[in-house]
Amino acid sequence: MAAAARPAFPAPNQPPGGRWRLRASPPRPCLREKPLPEPRRGAMERVFTPLDCLLPAAALRACADGGANRLYHITEGSQDSFLPDYITGDFDSIQPEVKEYYKAKGCELIETMDQDFTDFTKCLQILQKKIEEKDLQIDMIVTLGGLGGRFDQIMASVETLFHATNITPFPVIVIQECSLIYLLQPGKHELRVDTGLEGAWCGLIPIGNPCDSVTTTGLRWNLTNQVLKFGTLVSTSNTYDNSGIVTIETDKPLLWTMAIKT
Amino acid sequence: MAAAARPAFPAPNQPPGGRWRLRASPPRPCLREKPLPEPRRGAMERVFTPLDCLLPAGNLKFCLLILNQPFNKGHFHCLWSKAALRACADGGANRLYHITEGSQDSFLPDYITGDFDSIQPEVKEYYKAKGCELIETMDQDFTDFTKCLQILQKKIEEKDLQIDMIVTLGGLGGRFDQIMASVETLFHATNITPFPVIVIQECSLIYLLQPGKHELRVDTGLEGAWCGLIPIGNPCDSVTTTGLRWNLRLISKRQDKYGSLTAENTIN
């Protein structure tokens, strides 16, 4: 499947004191040249346990630019026991000493200068390549960080989840502090919420578009063919019944969000 | 303009360890019985200086609404000193109480609203003893933010306050669903108040632009390096801008939606 030609946007120069990232991706089936590989059986039957990842262990670990600073500082004193497989980005956020440390330790540094995509999106693209190269058997991709700080960057994280369906067949979740988000594609989904790590709240956010028909089970307040739309109805501060399973059927992309026990 | 009947949603009981708020508001022209009053001339001609409220010598008059999130102390003091009316939504009172430690009696809100499930008992007692109005709002169909805004609008009308905007402190951090609930309230706000409502937390500000043309003055000197346009809630088929480092002149369908285009931008 040939990649569609990118639209002619003005080439961004580095403005003083700022950077422009225009995620310019007109509708195209795939950001890649090859068709997406078949995910592991079970991973895309839309039965999914979002918090399963908080039990061990990652097959591959990557940092997107300044994410390496976070890793470096949170592992202070034992950084060499926590080496990422690779670090990507335009390296405008990573601290020089952090970059040098990981480089000296043999971590792969992959510079991605494309200004049309965020560090997160580009890191995801490379991750998918590596998963295929190494023929890794995985079920999901977990992103740590992205839901706090600058509001535009929180929105950019959500934006990347929309792109992710063109990048990887695996579910991509984003976790920060007590929050998790996961973009549900149109169709029926079953989420297992019985790991014991689920916090008290959850929600369904029609973030990029209204949803004309949403039906759920497993929530304290379920929806039946409901319209979800900003200004009309957005499900926040919802919670679970005791079944341990939530099902969601939606006609449009819909963002699932849930609490993680801290 | 009569208020439309509210839809029949199941009456929410208090679940153990959680609360559900389903903002059940099918499209209706107004959440009030009376038509909205005319805003001050100039406030709704869509020429607007979002950060004027943070200028000590700023021109715009505003009311302040405090939510239950950490906020910048410098912002707080500037906004508090200039606000015509000051309100807390439930746990926002805790934030106020702690940020004014040692001199709480110099920073008394005009009123505190909410279902009072977040406000600490000692904070509630303190402000009650000091004569602050406590308004309990048990309606589970709306967030504390939305309900506080409804009451604020009532008070603005009762007192016939001449204001230009409403400033909300907090709401853009912490729980992701609550960030989204803050955005949701901005959608409702157009049915509650004629005044622009902005939300500020730490280094971020959000403001919902209604369809039409808007002019934003960004020359207060307080503007940071970044800005952006987020088609949150619905795609936008046509957006045109000037004054940005990278302007938009998109007129084709299916642009300006999530997965297509979101500009992370700077000011020219």
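1. Met165(B) is in contact (heavy atoms within 4.5 Å) with Phe48(B), Pro50(B), Cys53(B), Leu60(B), Lys61(B), Phe62(B), Cys63(B), Phe195(B), Pro196(B) and Ile198(B), once its neighbours within four places in sequence are left aside. The residue belongs to strand 7 of chain B, residues 165-169, where helices (H or I, at least four residues) and strands (E, at least two) are DSSP runs numbered from the N terminus. Because its relative accessibility is 0%, Met165(B) counts as buried, a word that here means under 20% relative accessible area, with exposed meaning over 50% and partly exposed lying in between (1.4 Å probe, protein chains only). Between Met165(B) and Leu64(B) there are 9.1 Å from C-alpha to C-alpha, although they stand 101 residues apart in sequence.

2. A word on the basis of these values: this is a predicted model, in which local features need pLDDT of at least 70 and side-chain atom pairs count only at pLDDT 80 or more, while totals for chains, interfaces and linings use all residues. Residues are numbered from 1 along each chain as its sequence is written, chains are lettered from A and ligands numbered from 1 in the order in which they are written, and side-chain values use heavy atoms, with hydrogens and water left out.

3. Chain B has 5 helices and 14 strands, and 51% of its 268 residues are buried. Of its contacts with a separation of 6 or more, 66% are accounted for by residues 24 or more positions apart. Chain B exposes about 12200 Å², with 51% of it supplied by carbon and sulfur atoms; accessible areas come from the Shrake-Rupley method with a 1.4 Å probe, and for residues only the protein chains shown count as cover.

4. Helix 2 of chain B (residues 92-99) is mostly covered, with 6 of its 8 residues buried, namely Gly92(B), Ala93(B), Asn94(B), Leu96(B), Tyr97(B) and Ile99(B). The elements that cover these buried residues include strand 3 (62-66), helix 1 (73-82), strand 4 (86-89), strand 5 (111-114) and helix 3 (121-129) of chain B.

5. In chain A, which has 4 helices and 15 strands, helix 1 (residues 67-74) packs against helix 2 (residues 96-104) at an angle of about 80 degrees, with their axes 10 Å apart. Helix 1 of chain A is therefore roughly perpendicular to helix 2 of chain A, given that 65 to 115 degrees counts as roughly perpendicular, under 35 as roughly parallel, over 145 as roughly antiparallel and the rest as oblique. Axes are lines fitted to C-alpha atoms, for helices over the stretch in contact, and angles run from 0 to 180 degrees between N-to-C directions. Helix 1 of chain A contributes Ala68(A), Asn69(A), Leu71(A) and Tyr72(A) to the contact, and helix 2 of chain A contributes Val98(A), Tyr101(A) and Tyr102(A).

6. Phe82(A) sits in the loop between helix 1 and strand 4 (86-89) of chain A, and because its relative accessibility is 42%, Phe82(A) counts as partly exposed. Apart from its neighbours within four places in sequence, Phe82(A) is in contact with Leu71(A), Thr75(A) and Tyr102(A).
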